[in-house]
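Welcome! Take a moment to look over the model below, and then we will walk through a few of its features together.

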Amino acid sequence: MLETKEVQPHHVKLPDGSIEKLTTTLNLGPTHPATHGVFQNIVELDGERIVSAEQTVGYIHRAFEKLAERRPLYQVTPITDRLNYCSSPINNMGWHMTCEKLLGVKTPKRVDYLRIIIMELARISDHLICNSIVGVDSGAYTGFLYVMQYRELIYEIYEEVCGSRLTTNIGRIGGFERNFTDTAFQKLEKFLREYPKVLKEFENLFTRNRIFMDRLQNTGAISTERALNYGFTGPNLRAAGVDYDVRVHSPYCSYEDFDFVVPVGSTGDNYDRFLVRNVEMWQSLHIIEQAYQKVQEFKGAEAEVFHADVPEYYLPEKKEVYTKMEALIWHFKIIMGETDIPKGEVYHCVEGANGELGFYLISDGGRTPYRLHFRRPSFIYYQAYSELTKGGMLSDAIITMSSLNLIAGELDA
Amino acid sequence: MALTNEIIQQKLQEKFGDQVSNFETPFGLLSFQSPKEMNLKILQFLYEDATLQFTFLTDLCAVHYPDNTGKELAVVYHLHNLKENIRIRYKVFTGIQQPDVFTATKLFEAANWMERETYDFFGVNFIGHPNLKRILNVDEMDYFPLRKEYPLEDQTRIDKDDAMFGRGGSIY
């Protein structure tokens, strides 16, 4: 930390109490355009250098954990949408898988592969936003505008599968609400065909750009030990040199069937976080290609499977509810929360776009969760922001904030 | 030798004897309890022991059991040994009248905000915490909203005039 005394320039003799001798308190946020969300930082500035930063969070707290305590399991899904809204499908799937773990539902392989396609698309769209925003904050708007068009392709796939784009509420406990249509697969093919070129061009714009490198390297760095102690997970931890990835360490949803590399950085600074996310996008593409290939290998009746055969938990199709007695009964029981939910405590985690997204669900056998706690990665690593920015320039702090990929919705739950 | 749930349990019982109890493995995750006074000793042992090395705090939260007289609040730690890739769940129970639990911030920086969040919603008083104040709720709040005595609003109530949202007013 810089001492207040050192501020005084040597060539000028300042009288006591001069403003140049003092640090400035600046209120950054909560609705500052550069903070991309509702973040408030009260920063203590010495010229342009940050002496300390104090975060205030909670501006969009919506009491999700309380709300979840009176909702049947399937009604919690829309809540999870609103955690990390840049990659809602991962949250949705994570929640479904938590429920499936508690209920003992085993999903068919095809469902797993379809889920992986959607989750990896979500990871790409999330990383894409994060990395292009880093560009925006360092003065390069082009990349952001350019890739936005291709995020649209991902959103169109969501739209085709579940009908919505941002807060997707995609899938159900046991599988998907409907099978992927041919159009969905065509859109996926289009994405797989066009996206590599775009990503390459995006990298050409940024990765070896001298200005960009100078702005990002050695700013917002964190050591491996500190990152672990601060509970970092996901790309931010990997940029600090730990190859921890939930997809590899505790595979879920048949991730063990896939071949991919976990990129690691070394310095834990903004530039490494940027690079790690870029490589992860390539890896996600690679996973999607494998998954799509595996999906195509299913033949006959297997190729039509899109949910597990668990009528007591899987919400039946509306058409069947109108025509079949059985389906009507299950529909009623699920909607009214009359299905039996076993007692138990389960912790399930998925590799969210920001890191380990955990769901700690306690069920007392009632119709709703007794307690549900979300382990939100950005809430946990935002603590380190003060340490990351201390001694650096104010303009670097802005880049640090965007390169950490802080999502207010996830942070405040 | 890979670290297993049995080895962890054995090591804990060797060190702490009867103080650690209720060993269970729901869904393969070793889960146990101890008196709340022991929490720092146990966390430190788990952190520093050469074979255990639970140096990563995944999650910290609380649960309210209003019927569990004298032990109404549970503080739940999820710990992870990243080298051996094994997780455990550790709980301490505390009475709601004096919900004092020692802070884990000395071991894990990550515990700082998680404990503030737990205090914010359940009122668990973490002794020794550097900055124990509300984090997500407003500072002026004088109750702990995730406790079970605060139910969510009954959605079928009709006394509230909220015609814009289809409730009360001209509809009834």
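In chain A, the axes of helix α2 (residues 73-81) and helix α3 (residues 88-103) come within 8 Å and cross at roughly 155 degrees. Axes here are lines fitted to C-alpha atoms, for helices over the stretch in contact, and angles run from 0 to 180 degrees between N-to-C directions. This is a predicted model, in which local features need pLDDT of at least 70, side-chain atom pairs count only at pLDDT 80 or more, and totals for chains, interfaces and linings use all residues. Residues are numbered from 1 along each chain as its sequence is written, while chains are lettered from A and ligands numbered from 1 in the order in which they are written.

**The helix pair**
- α2(A) and α3(A) are therefore roughly antiparallel to each other (angles over 145 degrees count as such).
- Residues of α2(A) making the contact include Leu73(A) and Val76(A), and those of α3(A) include Trp95(A) and Cys99(A); contact means C-beta atoms, placed from the backbone, within 7 Å.

**The sheet**
- Three strands of chain A form an open sheet in the order β1-β2-β3, with antiparallel pairing (strands pair if DSSP finds at least two bridges between them).
- The edge strands, β1 (24-28) and β3 (49-56) of chain A, each pair on one side only.
- Seven bridges join strand β2 (residues 40-46) of chain A to β3(A), and Val43(A) stands opposite Ala53(A).

**Where the chains meet**
- On chain B, 26 residues are in contact with 30 residues of chain A.
- β3(B) gives the largest share of that side of chain B, six residues (strands are DSSP runs of E, at least two residues, numbered from the N terminus; helices are runs of H or I, at least four).

Notes. Contact = placed C-beta atoms within 7 Å. Parallel < 35°, antiparallel > 145°, perpendicular 65-115°, else oblique.
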